[in-house]
Amino acid sequence: MLTIKNISASVDGKEILKGINLTIKTGEVHVIMGPNGSGKSTLSKVVAGHPDYEITDGEVIYDINFKKKNLLDMEPDIRAKEGIFMGFQYPVEIPGVSNEEFLRAAFNEICKYQGVEEMDPLDFQDFLKEKMDFLGMGEKFVNRELNVGFSGGEKKRNEILQMAVLSPKVSFLDETDSGLDVDALRVVGEGINRLKRRDNAIILITHYHRLLDYVKPDFVHVMYDGKIIKTGEESLAYEIEQNGYDSIIKESQNSN
Amino acid sequence: MADNEQFLSKDYKYGFTTNIEVDELPKGLNEDIIKAISQKKGEPDFMLNFRLSAFDKWKTMEEPHWADFDYNPIDYQNLKYYSAPKKKEGPKSMDEVDPELLETFEKLGVPIHERARLAGVAIDAVFDSVSVATTHQELLSKHGIIFCPISEAVKKHPELVQKYLGTVVPPTDNFFASLNSAVFSDGSFVYIPKNVRCPMDLSTYFRINASETGQFERTLIIADEGSYVSYIEGCTAPMRDENQLHAAVVELIALKDAEIKYSTVQNWYAGDKNGVGGIYNFVTKRGKCAGSGSKISWTQVEAGSALTWKYPSVILQGDNSIGEFYSVALTNNYMKADTGTKMIHIGKNTKSRIISKGISAEYSTNTYRGLVRIAPSAENARNYSQCDSLLVGDKCSANTFPYLEVKNNSATLEHEATTSKISTDQIFYLNSRGLSTESTISLLINGFCKEVFKELPLEFSVEAVRLLEMRLEGSIG
């Protein structure tokens, strides 16, 4: 459903991604791990269309409803309307705009783009409440300004709420598990697991294995210095947690 | 380049000019010109004397330069002070209004034709120096409400005009107010009788058309005891590469238990992207809560003009009276705005509330300047002020100058101020949720201005949001 072909990208002239290849099929869960600065967050931002990154090579093909589309040709909002989602590592605060107001505007704009009937405010309230219950979020979240004064855990939970409301096809979740206590991790982990469907795909960017107690991956990739240096199964994540990245990095350097 | 020009003209869709035969006085300012204006209007003596004494005072005054901007000097002898569409007599009905003028206002989206009756707003349309049409006068007169051009009020209701004109903004008040008092040519007059709640919004639409002509309108609104009126003001001008002077005076008087709500959407031509042309908007607006329990509320959306210098104020004379000021001021390109309010507390238990939102983009400067004065007599006065600035990009600036003068220890004053910035990360975040950049700006601006927009009449608040979006187009994202 998403094919990343030989993507290279730089920011301020510095090359961060150096030829990434990744094929994601519907129903799959991928995990991307790797030491800090290896380019994991950049990869998700490039897919979502952050304006700071310049794509120097490669393409991203999005295969949806039997049509192949070149994702890099689309503006960020169009990518989102087509079904791409990115859970931010550091969600941005938007003062003056309530969570509900924002979610309804985004939801309806996506509906409009996809030719689906928009939801009126009352129906939307019910719909939102259902999604919030499922993430154990209290009603106070509805009227609070978007991410303003939210704790780290609340912000991450709010990202998953947005994913639940917007119902994307391909979701990159960038360190959604970091900064969470054990209980919050369980809520977020179970939330993600319940949002996993046969017709969507989830890519988890993480440093830790603990999120995988809730969401079972099909593939685990290790990124280093802008490249994917190893791909394996869930066991690879355990291996990294025990032994660190050093041996994997050495192995890949020797093979070059 | 052609694209760019197209974009610019799209930016300000009211920039057209109307070709119409005019009756005007030669350039320059002297007693003869003032007498000629007064004569053209067929004014009684008291009015001519008012003008001449204002002019005497003006000659001794200096143009104020304390606002936070520099501009090219204005040559007051090189301006025309009177320009009016040519006509034999004042139009007796809408059918007699020049079709060219009707079309002009139609283009501006101001319904002054008879079918305007459906719109539920009574409109006085002022074109350059004169009022060209006032709608709904019959219906309003059934309630005893007077809503007419001030030039007509001077003749038909001289006792009211003489009693109130210049009582809130004296002809000696400041340089521009004196100038206005000497040469004002038209504007609106409103009188709401005792215990009457005006059944519809009253509105004046100001249009500058002629070149090298100053516009000096004068508005006087009197709300008698226990009455209520909501008044709306709108304004546009053609795009010209000269600067044009607009120096208006607005006086509001609220008697015991009366309420006046005054809303402005100011959209004068602001000059081009390089700061060439645009209106100098030097306006004195002041209301007096003369009676106890009265209330005056100013709401303004300032989105146009090259320079704005205006401080809609309230003198809280009556005990328990309330003054409010809600403002959104947007500056873009090379626009400069120095705006705010003065709340003068004199009566006991008087309350004032100031909510000011400044949005600056590109190279513009946006200044809030406000004064809260608590007189010794103002027992238990209260003020709440909130001044927020939003910066778009990093070349613009925002200033806040809140002045306080408290002469009574029982007063309670609160002041809050914030400065924030629209960041590319905020825009990307909302984009990544499927919101287009246009929707994103609309959401952010709406969120920022919410407290002010909710004070505007409904149709106006929709227009205000659209206007701000249009004015910001190309500056964000």
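I worked on a predicted model, where local features need pLDDT of at least 70, side-chain atom pairs count only at pLDDT 80 or more, and totals for chains, interfaces and linings use all residues. Residues are numbered from 1 along each chain as written, chains are lettered from A and ligands numbered from 1 in written order, and side-chain values use heavy atoms without hydrogens or water.

**Interface.** I looked up the contact (heavy atoms within 4.5 Å). It takes 32 residues from chain A and 16 residues from chain B. The two chains bury about 1900 Å² between them, 66% of it on carbon and sulfur atoms. That area is the accessible area (1.4 Å probe) lost on being put together, summed over both parts. In chain B, B:Phe428, B:Tyr429 and B:Arg433 lose the most area to chain A, together 40% of what that side buries.

**Charges.** I found 2 salt bridges across the interface, each a side-chain nitrogen of Lys or Arg within 4 Å of a carboxyl oxygen of Asp or Glu. One residue pair I noted is A:Glu159 with B:Arg433, a salt bridge whose closest N and O atoms are 2.7 Å apart.

**Cores.** I then checked the nonpolar cores: buried Ala, Val, Leu, Ile, Met, Phe, Trp, Tyr and Cys residues joined through side-chain atoms within 4.5 Å. Buried means under 20% relative accessible area (1.4 Å probe, protein chains only). The largest core has 87 residues; among the members touching the most others are A:Ile192, A:Leu204 and B:Phe453. Apart from it lies another core, of 55 residues, including B:Phe46 and B:Phe184.

Methods. Buried means under 20% relative accessible area, exposed over 50%, partly exposed in between (1.4 Å probe, protein chains only).
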